[in-house]
Amino acid sequence: MRDNSTLAKLIAEEDISVVHKKVPTAAFDVKRRELILPQWKEMPKTIQDLMTLHEVGHALWTSLDMLNESIKRKLDHSFVNVLEDIRIEKKIQDKY
């Protein structure tokens, strides 16, 4: 697995933390500003790049306020996540 930390920090335009953990999928912790990438036995470079760029999209455009508001409104996390994923995918594609 190669280290995408520099790429992620450059595109996110901030000094986010990039960590590799034994998790099922990539994620971005908006509060801690931490991009989490899974440690898979085999991960093609293209898949790692796609996951990194997607999660950087969350760093750029997913606000903690929006997430807190969805909790306050008791919206289903999965529903909010799908909509947010669609929104940030469109934005990252438009930008790059």
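Reply: In this predicted model, β2 and strand β3 (residues 34-38) form an antiparallel pair with 3 bridges. Across that pair, Asp-29 is placed opposite Glu-34 in β3. Strands of a sheet pair through backbone hydrogen bonds, in either a parallel or an antiparallel sense.

The pair belongs to an open sheet of 3 strands, ordered β1-β3-β2, in which the pairing is mixed. β1 (17-21) and β2 are the edge strands and have a single partner strand each, so one side of each has no neighbour in the sheet. From one strand to the next, the twist averages 25 degrees.

A helix covers these strands. α2 lies across β1, β2 and β3, and its direction makes an angle of about 155 degrees with β3.

α2 also packs against α4, at an angle of about 100 degrees and with the axes 9 Å apart. Since angles of 65 to 115 degrees count as roughly perpendicular, α2 and α4 are therefore roughly perpendicular to each other. On the α2 side, the contact is made by Leu-53, His-54, Gly-57, His-58, Leu-60 and Trp-61. They meet Glu-84, Asp-85, Arg-87, Ile-88, Glu-89, Lys-91, Ile-92 and Lys-95 in α4. By class, the residues of this contact are 5 nonpolar, 3 polar and 6 charged.

β2, α2 and α4 come up again at the largest pocket, where β2 (27-29), α2 (45-61), α3 (64-72) and α4 (77-95) each give at least two residues to the lining. The space in this pocket is about 340 Å³. It is lined by 19 residues, of which Phe-28, His-58, Leu-67, His-77 and Asn-81 are the closest to the centre. The lining is made up of 9 nonpolar, 7 polar and 3 charged residues.

Definitions and conventions: Residues numbered from 1 in each chain as written. Predicted model: local features only at pLDDT ≥ 70, side-chain atom pairs only at ≥ 80, totals over all residues. Heavy atoms only, no water. 1 Å grid on protein atoms, 1.4 Å probe; cavity = no way out; pocket = protein on both sides within 12 Å on 5 of 7 lines; lining within 4 Å. Points joined across faces, edges and corners; volume = space filled by probe spheres on them. Helix = DSSP H or I, 4+ residues; strand = E, 2+ residues; numbered from the N terminus. Nonpolar A, V, L, I, M, F, W, Y, C, P; charged D, E, K, R; others polar. Axes fitted to C-alpha atoms, helices over the stretch in contact; angles between N-to-C directions. Parallel < 35°, antiparallel > 145°, perpendicular 65-115°, else oblique. Contact = heavy atoms within 4.5 Å. Pairing = 2+ DSSP bridges.
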